[in-house]
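This report looks at the spaces inside a protein model and at the surroundings of its ligand. Please keep the sequence and the structure at hand while reading.

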Amino acid sequence: MNFLNEIAGRHPDAISLAAGRPSEEYFAIEDVHRYLRRFERHLTEEQGLTAEQAARTFLQYGRTKGVIHELVARNLAVDEGITVDPASVVVTVGCQEAMFLVLRALRGDERDAVLAVAPTYVGLTGAARLVDMPVRTVRSGPGGVDLDDLAAVLRQARADGLRPRACYLLPDHSNPSGLSLDLATRHALLDLAEREDLLLLEDNPYGLFTAGGERPPTLKALDTRGRVVYLGSYAKTGLPGARIGFVVADQEVHTPDGATGLFADELAKLKSMVTVNTSPIAQAVIAGKLLEHEGSLVRANERETARYRENLQRLLAALAAHFPPGGPVTWNTPTGGFFLVVTVPFEADDALLETSAQDYGVLWTPMRHFHDAPEAANQLRLSVSALTPDQVGDGVRRLARLLTDRLA
Ligand SMILES: Cc1ncc(COP(=O)(O)O)c(C=O)c1O
């Protein structure tokens, strides 16, 4: 990622189909002031806190599991139909901290491993490296997860003396693949997790950005057997600068002293040694946004969702205009989110990206950065989140020149 940022820095005029940042079009500093005031009113007028207690909530060291856990639980109920006890929510410094805490908690010794559907978000592989936990990859296939491969990878890992503790995946509009799981696959995956005594780490930063159709239920909403640990991020739906994420960990676990307790409380013990607590001021910003929209980020993000949808349609239409069906350049058609993957009949590596930036003025991400499988060498991830619709069209025109020159 440093290399990608460095290329972007050297080519500031290039159109970036690489950046996965949310759109800045609707950023407004005044919103932050309003959100803070809204949360303050919530504490004093709706929760009955004194002015002094409200000030302490904002400004003092705070509860390790966070101060907006009830609002997070309400948000999950309103937008996702997920019912959780707020006590099982840990508010974290971005989803990244949540991934780190979960993996750290699952790693007892060198036999513990995590499975991840490939291509895999780099934040998960980075966190696994930090806790010294091997990652065994599972093929995604066209349906988002290849369940036969998952069973085979589990068998092999156990035969190798490993204890696979969990499988990480993005069931909705995955980063980087753009793939989503259909409903039948979600149910089958939950059944497999139950049979195999495996946790599922469901990461869902993009689920609400649909391209138009019905949103399928999350794994967590379907989970009746305590198999899913839900990883949340408010980076794309709240404000990335607030750095607020969370984890729902409502499983009963055995604690190191032999008692039983909530997995969330085990994560909180680790968090107290990493970031102590998540900035309450940053939590207050997200809380204000949630309160302003009656707990619904679907509602709060109507303009953003429309923009991403338009950009994705533009991207798909532009690709289709430049590369007729049956030709050597192919891509998948996501049902929403920020990303899709283009496959070409030559290597799409860092050297080609350098040429692309230098001579064609367009940036993208080589899939090799997410994946070791042979097919990744010929694939590019394209993202539409940080562009205007016209820039998407211009970006694809530049990319089409590069690919056409290469094909020739
Ligand atoms: C798959 C995935 N998970 C999580 C995150 C966000 O994590 P954070 O809340 O730490 O910004 C991202 C952001 O790019 C992501 O793509």
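## The second largest cavity

Strand 3 (112-118) and strand 5 (163-169) each supply at least two residues of the lining of the second largest cavity; strands (E, at least two residues) and helices (H or I, at least four) are DSSP runs, numbered from the N terminus. A cavity is a set of points, on a 1 Å grid over the protein atoms alone, where a 1.4 Å probe fits but cannot get out, and lining residues have an atom within 4 Å of a point. This is a predicted model, in which local features need pLDDT of at least 70 and side-chain atom pairs count only at pLDDT 80 or more, while totals for chains, interfaces and linings use all residues. Residues are numbered from 1 along each chain as its sequence is written, and side-chain values use heavy atoms, with hydrogens and water left out.

The second largest cavity holds about 110 Å³ of space, a volume being the space filled by probe spheres set on the grid points, which are joined across faces, edges and corners. Of its 15 lining residues, Val 117, Pro 119, Gly 144, Leu 170 and Ser 174 are the closest to the centre. The lining divides into 9 nonpolar, 6 polar and no charged residues, where Ala, Val, Leu, Ile, Met, Phe, Trp, Tyr, Cys and Pro count as nonpolar, Asp, Glu, Lys and Arg as charged, and the others, Gly among them, as polar.

## The largest cavity

A search of the whole structure finds 3 cavities of 30 Å³ or more, and the largest of them has a volume of about 150 Å³. It is lined by 17 residues, with Asn 75, Glu 80, Asn 204, Leu 208 and Tyr 230 closest to its centre, and the elements that give two or more residues to this lining are helix 4 (69-80) and strand 7 (228-233). By class, the lining of the largest cavity has 9 nonpolar, 6 polar and 2 charged residues.

## The ligand and its pocket

The ligand takes up the space of the largest pocket, a molecule being placed in a pocket if more than half of its atoms lie within 2 Å of the grid points; a pocket is an open set of points with protein on both sides within 12 Å along at least five of seven lines. The largest pocket has a volume of about 1000 Å³ and is lined by 41 residues, of which Ala 18, Ala 19, Gly 20, Arg 21 and Arg 381 lie nearest its centre.

Around the ligand are 15 residues, of which Asn 175, Asp 203, Tyr 206, Ser 233 and Lys 236 come nearest, a residue being near if one of its heavy atoms lies within 4 Å. Helix 5 (residues 94-106) gives the largest share of this shell, 4 residues. Among the polar contacts (pairs of N or O atoms within 3.5 Å), a polar side-chain atom of Asn 175 lies 2.7 Å from a ligand oxygen atom, and an N or O atom in the side chain of Asp 203 is 2.6 Å from a ligand nitrogen atom.

## Backbone features in two loops

The peptide bond from Asn 175 to Pro 176 is cis, with omega near 15 degrees, and Pro 176 is found in the loop between strand 5 and helix 8 (183-196). His 173, which lies in the loop between strand 5 and helix 8, has a positive phi of about 50 degrees although it is not a glycine. The peptide bond from Ala 118 to Pro 119 is also cis, with omega near 0 degrees, and Pro 119 is found in the loop between strand 3 and helix 6 (122-130).

Technical notes
Polar contact = N/O pair within 3.5 Å; in protein donor to acceptor, adjacent residues only side chain to side chain.
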